[in-house]
Amino acid sequence: MQSTKKITKAMELIAASQIVRSLTRVTANRPYREGMARIVVEAAKGDPTAAAKLLGEPDERHAVAVLAIVADRGLSGPYNSSILRATERLVAELSAEGIAVQLFTIGKKAPSYFRFRHVPVVRSFIGMSERPAWSDAREAAAAVSAPFLAGEVDQVLLVSTRYRSAGSQVVDVRQLLPLPEPGSHVADGAASDAESGGYTEFEPDVESLLASLAPRAVESEIFTALLEGAASFFTAQQRAMAAASDNADELIRTLTRVMNRARQDAITTEIMEIVGGAEALRQSKGA
Amino acid sequence: MPDGTFAVSVLTPVAELFRADARALVLRSSDGDLTILDGHTPIVTDVAPGEVRVDLPEGDPVRLAVHGGYLHVETGPGLDGGEGRSTRATLLAGIAELATAIDVPRAERARAAAEARVEELRAVTGRGEGTAARAEGTSGGGDVAPTPEEIELAQAEADLRRAEVRLEVAGATTSA
């Protein structure tokens with residue numbers, strides 16, 4: 001029991017240091033992501049008709065690609081299972097509406113979960129969830145964008161954990177493609193655009209610019225999701241391991257108490273026997 | 001901010017690579033060479049892989065190797081945090097590095113390895129020079145399903161281009 005506690009305590013501390021590292025990366029990624037959002041806004045204003053194909057809500061959905069991001073490892077409390085359950089629910093809802101689903105996953109924990117539930121996975125990536133690299137995001141983005149650009153699916157959705165704060169990480173579903181209508185998550189960018197108000201030039205023309213920009217924006221979104229996922233994973237792991245250490249503490253306390261009582265019982269019994277024996281001897285002598 | 005300068009920042013997904021007040025920003029887009037000065041008209045353009053030069057008000061220009069990206073020039077009041085109308089240039093690149101941070105021996109090794117790989121894969125796929133380049137880089141792609149060898153070839157060609165850009169930019173720094 002003592003050794004189990006040592007392990008959970010060590011994992012807790014490792015997770016804690018990893019949180020700091022992954023949060024630094026989340027922060028470092030933010031300016032790029034915002035810059036990307038501003039360019040998309042600008043391009044969308046430049047040519048609304050061209051933008052309409054790649055932006056906003058799809059008119060109708062016949063087929064949808066879903067990308068779920070989980071971790072490669074467990075021992076992190078409800079982190080993996082809450083994403084997987086949300087994904088399963090989403091797939092079930094879409095299927096109920098008669099929409100064909102192509103499921104993509106990142107993280108080792110996902111394929112086995114869905115195999116067990118007989119949900120087919122088109123492609124799964126492993127080994128990118130803990131320390132995501134930019135090339136990982138590119139690879140995954142290329143995989144999920146391909147069916148959309150080929151016209152096989154009308155929408156690409158992403159299920160992952162958002163890191164709101166140390167105390168709050170939320171599983172959410174967001175649209176990757178078509179690119180979400182700008183404005184909602186780029187309040188800052190929208191404000192500065194309103195100020196500039198000028199005429200913006202585009203090189204090459206907006207349509208080809210948007211066509212090349214969309215996959216980059218998806219890469220950026222996935223990369224951010226991977227980073228936030230990693231941060232959330234370590235937070236969940238730290239919390240799970242802290243709980244495990246506490247549990248171990250309590251178990252150790254209870255077990256020690258039970259042990260002591262058993263030992264005390266044994267001693268008492270022994271004393272009683274000795275005393276009883278001595279008494280019997282004395283009585284037999286006196287008689 | 002002194003007259004004739006404007007805010008320049010180079011952002012990558014992993015970090016803000018560079019930020020300064022610059023006199024000029026020189027780069028190449030798919031349409032040709034481009035120099036951004038203070039007061040440049042707002043523009044959104046792609047950035048071709050190659051060298052990006054930032055001329056500072058004082059001292060040597062800063063050179064960067066940029067492996068494809070986008071440039072966003074905005075004008076408006078207070079964009080650089082100061083008073084009055086100002087210009088802000090933001091360069092977004094998936095991969096970029098400062099010339100001073102380029103590891104030349106490593107880039108040379110990478111170039112040799114990528115060259116060998118490209119040769120080998122071109123023989124397998126029977127493709128000529130540059131045809132697979134579309135699958136990577138800034139041009140989107142994804143309309144035709146390429147074979148695994150073609151994907152690998154495109155990756156090897158991209159590796160080769162990156163190594164060449166690095167060496168070119170690093171070379172420019174040492175000779176300047």
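**View 1. How much of chain A is buried.** Of the 287 residues in chain A, 37% come out as buried, meaning that 20 or more other C-beta atoms, placed from the backbone, lie within 10 Å of the residue's own. This is a predicted model, where local features need pLDDT of at least 70, side-chain atom pairs count only at pLDDT 80 or more, and totals for chains, interfaces and linings use all residues. Residues are numbered from 1 along each chain as its sequence is written, with chains lettered from A and ligands numbered from 1 in the order in which they are written.

**View 2. The overall build of chain A.** Seven helices and six strands make up the count here; helices are DSSP runs of H or I with at least four residues, strands are runs of E with at least two, both numbered from the N terminus. The C-alpha trace spans about 120 × 40 × 25 Å along its principal axes.

**View 3. The open sheet of chain A.** Five strands line up in the order 3-2-1-4-5, with mixed pairing; two strands pair if DSSP finds at least two bridges between them. Strand 3 (123-125) and strand 5 (168-177) sit at the edges with a single partner strand each, so one side of each has no neighbour in the sheet.

**View 4. Strands 2 and 3 of chain A, close up.** Strand 2 (residues 100-106) runs parallel to strand 3, and three bridges join them. Look for Ile106(A), which stands opposite Phe125(A) in strand 3.

**View 5. Helix 7 of chain A against the sheet.** Helix 7 (residues 206-286) packs on the sheet, touching strand 1 (63-69), strand 4 (155-165) and strand 5. Touching goes by contacts, with C-beta atoms placed from the backbone lying within 7 Å.

Technical notes:
A residue is buried if 20 or more other C-beta atoms lie within 10 Å of its own, exposed if 12 or fewer, and partly exposed in between; C-beta atoms are placed from the backbone. Two residues are in contact if their C-beta atoms, placed from the backbone, lie within 7 Å. Axes are lines fitted to C-alpha atoms, for helices over the stretch in contact, and angles run from 0 to 180 degrees between N-to-C directions.
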